[in-house]
Amino acid sequence: MPSGAAIEAFEACVNFSYNKEPHLTSENIIAVACMAAFLNMTENHSPDNLLKLSMSFLSTHILPHWDTTIKAFKSTEPILSHAKNLGLVDSCLKSISDKAFADLRLLEDPKSFDEPKFGGARRRLFLDSFTEDITSLTLPLFELTISALRLSGIPQDHIGQCLSRYTKRWIEEGSPSSIYHRNKLKKIIESIEALLPDKRGSLHASTLLRILRAAINVQANETCLQRLENRIGMQLAEASVEDLLIPNYGYSKNMKYDLDSMKRILSYFIRSCFNVPSSREPEMVIEIMEEYAAEVAKDEDLGHGEFVDLVETMTVMLEQRGLSYDGVYRAVDIYLDSHGHLTEMEREVVCRVLNCRRLSEEACEHAVQNERLSLRTVAQVLFVGQLRIREVISWGESYEEQEKKEVVVMEDEKEEEEEEEVKVGGNGGVVEKEKKEKRGVWQGVKELFGCKRGSRELKCHVVKRVHP
């Protein structure tokens, strides 16, 4: 127990013993109650005892109000086990959770309450009774509070926001320069990750990435890092390139960014979310990763092996969706431009990630004149261009041949009609009779299809099919 609280509690006990009114506040009420119980100033000693008085003061003056409850709850940490035995911790937690359930604004950051949202007298009245924030609690007390909020039925989104603000509060205190601060922040991050709601989207991807950065920096345990990466993978479509540029905190590598973590996040997305029916997330993630690859390609310390591994993970998505490789080509071009020291063999390894058949005409035109590409890749692009020209020529020849066939058929039909007319003129009435019989047959067929006989010729009423 802090010396100040202990002294105040002891003075309250002494004053009560001499029939003086003890000075009770939200900061010392828990300590006074615990000391009264320890000194046996209870019902067993006298009906008018200090424990009874302190409990009554807690119920009537402390627990009905949010701020005083938070202050009293903060004071329980040094004497947490004693406060639990007296039921004081449960009383504080119930008061906090009941009030939060009745008004979820109590779980928000007081600094976020501006005039447009809380205007005039209503804002002043609310803020007068709300200056304490549960994120100011120490980790053991905050964990107990989150558990109580969950049991009371608080929505997971609000719990997630509380966890996010709590972590942010500690991260923003500064870089963990000392071992003590580093270990303290490590424990906080690991504990917060274990408390995160299972619901997808309870925290935004940018918030999860900020937590992941801090977790990598303080070398959190593998379970914590893996769970954070999996959560980010499920929400990768809502992340930005700036969020994904995680600094490399390792000492064995000189790379600017942590590509290993990014590849694990992307792999989890491919395994879990890529094949979800009727979802636009794969295309959104592909666009994000193309920009990401183009950005990290500028890092002069990025080895070509690490770059190829990253891009190959991206190409899995492109192949499954049958999409263009233009974004990959742009990243490869930027990488080769930033790494002019590569040998021809190394450039060829980098260029192997390209599927030249999936490049647009504009990309092919650029690639043919790109001196940074390997000679083998340029040859492949030229070959693809020749294949496309052949396909165009072949299509044109097929179309021309089809037109010729149609002309020949029309000429053959015309010759048959002329021969029939000659036969009619030579054979007289027999041929004319056969012709009338055939005409009668064709007349029946035409009438079936809606053709009607006019005064001199058959008029067919054709209904045209119009595209809706």
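**Labels and their cut-offs**

Tutor: Start with helix 4, residues 66-74, whose buried residues are W66, D67, T69, I70, A72 and F73. Keep in mind that the model is predicted.

Student: What do the buried residues of helix 4 pack against?

Tutor: They pack against helix 2 (29-38), helix 3 (50-62), helix 6 (88-102) and helix 8 (139-151).

Student: Why is the pair K74 and E132 called a salt bridge?

Tutor: The cut-off is a Lys or Arg side-chain nitrogen within 4 Å of a carboxyl oxygen of Asp or Glu. For K74 and E132 the N to O value is 2.9 Å, so the pair counts as a salt bridge.

Student: What makes K74 partly exposed, and what makes E132 buried?

Tutor: Buried means under 20% relative accessible area, and exposed means over 50%. K74 has 30% relative accessibility, which lies in between, so K74 counts as partly exposed. E132 has 14%, which is under 20%, so E132 counts as buried.

Student: How do you know that D133 and R165 form a salt bridge?

Tutor: Their side chains meet at 2.6 Å, N to O, and the limit is 4 Å, so the label applies. D133 is in the loop between helix 7 and helix 8 and R165 is in helix 9 (residues 156-171), so this pair ties together parts 32 residues apart in sequence. Both D133 and R165 are buried.

Student: What makes R376 and E348 a salt bridge?

Tutor: The N to O value is 3.2 Å, which is within 4 Å, so this pair also qualifies. It links distant parts of the chain, with R376 in helix 20 (residues 375-427) and E348 in helix 18 (residues 344-351), 28 residues apart. R376, at 48% relative accessibility, is partly exposed; E348, at 16%, is buried.

Student: Why are the buried residues of helix 19 said to be on the same side?

Tutor: In helix 19 (residues 361-368) the buried residues are A363, C364 and A367. They cover an arc of only 100° around the axis, so they lie on the same side of helix 19. The face turned away from that buried side carries the exposed residues E361, E362 and E365.

Methods: Residues are numbered from 1 along each chain as its sequence is written. This is a predicted model: local features need pLDDT of at least 70, side-chain atom pairs count only at pLDDT 80 or more; totals for chains, interfaces and linings use all residues. Side-chain values use heavy atoms; hydrogens and water are left out. Buried means under 20% relative accessible area, exposed over 50%, partly exposed in between (1.4 Å probe, protein chains only). Helices (H or I, at least four residues) and strands (E, at least two) are DSSP runs, numbered from the N terminus. Contact means heavy atoms within 4.5 Å. The arc is that of the directions from the helix axis to the C-beta atoms.
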